[in-house]
Amino acid sequence: MSQRQVLQVFEQYQKSRMQFVQTVAELASRPQNIETLQNAGVMSLLRPLLLDVVPTIQQTAALALGRLASYNDDLAEAVVKGEILPQLVYSLAEQNRFYKKAAAFVLRAVAKHSPQLAQAVVDCGALDALVVSLEDFDPGVKEAAAWALDYIACHNGELSQAVVDAGAVPLLVLCIQEPELAVKRIAASALNDIAKHSPELAQTVVDAGAIAHLAQMILNPDAKLKRQVFSALSQISKHSVDLAEMVVEAEVFPAVLTSLKDPDEHVRKNATTLIREIAKHTPELSQMIVNAGGVAAVIDYLGDSRGNVRLSGIMMLGYVAAHSENLAMAVIVSKGVPQLAICLAEETEDHIRSATAWALGQIGRHSPEHARAVAMANVLPRLLAFYMDAQSSDDLQAKAKKALKSILQKCTYVPALEPLLHEAPSNILKHVICQFSKVLLHDSKARRLFVTSGGLKKVQEIKAEPGSLLQEYINSINNCFPEEIVRCRAVCVLLRRKPSYHVSCGTGTVKLLGKQF
């Protein structure tokens, strides 16, 4: 054979290898092909191609492996068991930028599935190579490395600490200052996933100077970047008062309030979450938010939103109101109660209803004035219905019951109390009767209305255990009226039960079958 014919054999072999990896990579991009590829033993065939003499074949083989490993944890496990990871880690340091991106993609695809697989990526020495890649000249390599680090850090505090110990945080902070949006986004996401696990990890992110750079990007026009920025600032703020104050000192207010009108739903949600995480810590931080117009802005946000995105706003109002009477009154003055009442009526998910019930309870528990504002929104019957509905979740029932009790213990608004008198079970009824006993003692007009509306008659119908608190409250109500009126009402109740009896009422006297009452 001539030299040309010999070389043609090698050229054909190279073309065949190239065609094979390109076809497999293409097939691996479609979920319906994955099982067939797996059954055909594709993993064992791709592994040697990672060491191919042709760089393009190496890169395409890595791309195919990444797509396969990304599909499910079984295939990711096969990558680990096939001892492919050490070769990829080695290639991160030695190969060209195209291979580096593909290798980082495989590491990310394996790490994303579970803490165990992420730990396998760490154990093969990937962290050091990925951190070095954060300093690469090519933005695509930086992005791919940051993404892999993000998927490792997101699982738990131990893996996040491993990422921190490898020196990733300062370089991620540098990455959020890069001009490329894709690099900024994934670096902010990685900082978010590191900070979320513990105050110590969040402090590490803060110490690297992340807050100032994140705060500068709040008004960036890119929605995907703003989502990550608000999420990262929220994860930092949630851990402690000091961290929340550091975020506030970066002058995120009032700029963050502008984002509550952002066209992107996730930006609005994450911005509201940031406000919530700051507001929950202290009255002073909540007052700062009130002064900046944050309560009114969140109430408007609730009016423009539906579903799960409302949750952070609802909880934010509850946290603000929980701190003090004045802050709860600020929520009331800003028309927060009617908006929460709308949320309670419109939302169908129990966890949103639970949060709304909790927030209303925090507003109404401070004083009769606060309770009246909540009661006038006609939420008490709805809270009672949620509590009594067997279809309600345990959490919703518990939150509705607690909110009812908190509001009722301060409520002196008779029109809101009366419907509960006829519908509430005994454990709620005792709080309603207690409030009536307080109101009727000092309000003659309320006493007249209580008689004419049938309230007194209803009280006489209640069967209370002798010596119980409920019986004491009933006695207190009876003592608010002349004895003959109470007896008349008692006899009317008895007549309803025994209609064959005859009654004659004289002045100050009631007779039943000749017996004087």
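Visitor: Is E346 buried or exposed, or something in between?
Guide: E346 counts as partly exposed, because its relative accessibility is 39%. Keep in mind that this is a predicted model.

Visitor: Which side chain does E346 pair with?
Guide: E346 meets R310 in a salt bridge, at 2.9 Å from N to O. This pair links distant parts of the chain, 36 residues apart. E346 belongs to helix α24 (residues 336-346), while R310 sits in the loop between α21 (294-304) and α22 (311-323).

Visitor: And R310, buried or exposed?
Guide: R310 is buried, because its relative accessible area is 1% and the cut-off for buried is under 20%.

Visitor: Why can two such side chains pair at all?
Guide: Side chains of opposite charge can pair when their charged atoms come close.

Visitor: How many salt bridges does the structure hold?
Guide: There are 16 salt bridges in the structure. One of them joins K280 and E277, with the closest N and O atoms 2.8 Å apart.

Visitor: What else touches E277? I'm curious about S234.
Guide: S234 does touch E277, along with N270, T273 and L274, leaving aside residues up to four places away in sequence. S234 lies in helix α16 (residues 223-237) and is buried, with a relative accessible area of 4%.

Visitor: New topic: which residues form the negative surface patch?
Guide: The negative patch is formed by D242, E245, E249 and E284. Helix α17 (residues 241-249) gives the largest share, 3 residues.

Visitor: What makes up the nonpolar patch?
Guide: V6, V9 and F10 make a nonpolar surface patch of about 280 Å². F10 is placed in helix α1 (residues 3-28) and counts as exposed, because its relative accessibility is 55%.

Visitor: Now the inside. Why is helix α9 described as largely enclosed?
Guide: Helix α9 (residues 126-133) has 6 of its 8 residues buried, so the rest of the structure largely encloses it. The buried ones are A126, L127, A129, L130, V131 and S133.

Visitor: What do those buried residues pack against?
Guide: They pack against α6 (85-94), α7 (97-111), α8 (115-123), α10 (139-153), α11 (157-165) and α12 (168-175).

Visitor: Let's check the backbone. Which peptide bond is cis, for instance around P254?
Guide: The bond from F253 to P254 is cis, with omega near 0 degrees. P254 is found in the loop between α17 and α18 (255-258).

Visitor: And what about phi at E251?
Guide: E251 has phi near 65 degrees, a positive value in a residue other than glycine. E251 is in the loop between α17 and α18 and counts as exposed, because its relative accessibility is 65%.

Visitor: Why flag that?
Guide: Because most residues other than glycine have a negative phi, and most peptide bonds are trans.

Visitor: What is phi at K335?
Guide: K335 has a positive phi of about 70 degrees, although K335 is not a glycine. Its place is in the loop between α23 and α24, and K335 counts as exposed, because its relative accessibility is 58%.

Visitor: Last one: how far is I332 from L51?
Guide: I332 and L51 are 68 Å apart in space, C-alpha to C-alpha, and 281 residues apart in sequence. I332 is found in helix α23 (residues 325-333) and counts as buried, because its relative accessibility is 16%.

Visitor: What does I332 touch?
Guide: Leaving aside residues up to four places away in sequence, I332 touches V337, I363, H370 and A373.

Note on methods:
Residues are numbered from 1 along each chain as its sequence is written. This is a predicted model: local features need pLDDT of at least 70, side-chain atom pairs count only at pLDDT 80 or more; totals for chains, interfaces and linings use all residues. Side-chain values use heavy atoms; hydrogens and water are left out. Patches are made of residues with over 30% relative accessible area and no salt bridge: like charges are joined within 9 Å, nonpolar side chains (Val, Leu, Ile, Met, Phe, Trp, Tyr) within 5 Å. Accessible areas come from the Shrake-Rupley method with a 1.4 Å probe; for residues, only the protein chains shown count as cover. A salt bridge is a side-chain nitrogen of Lys or Arg within 4 Å of a carboxyl oxygen of Asp or Glu. Lys and Arg count as positive and Asp and Glu as negative; His and the chain ends are not counted. The place of a charge is taken as NZ of Lys, CZ of Arg, CG of Asp or CD of Glu. Helices (H or I, at least four residues) and strands (E, at least two) are DSSP runs, numbered from the N terminus. Buried means under 20% relative accessible area, exposed over 50%, partly exposed in between (1.4 Å probe, protein chains only). Contact means heavy atoms within 4.5 Å.
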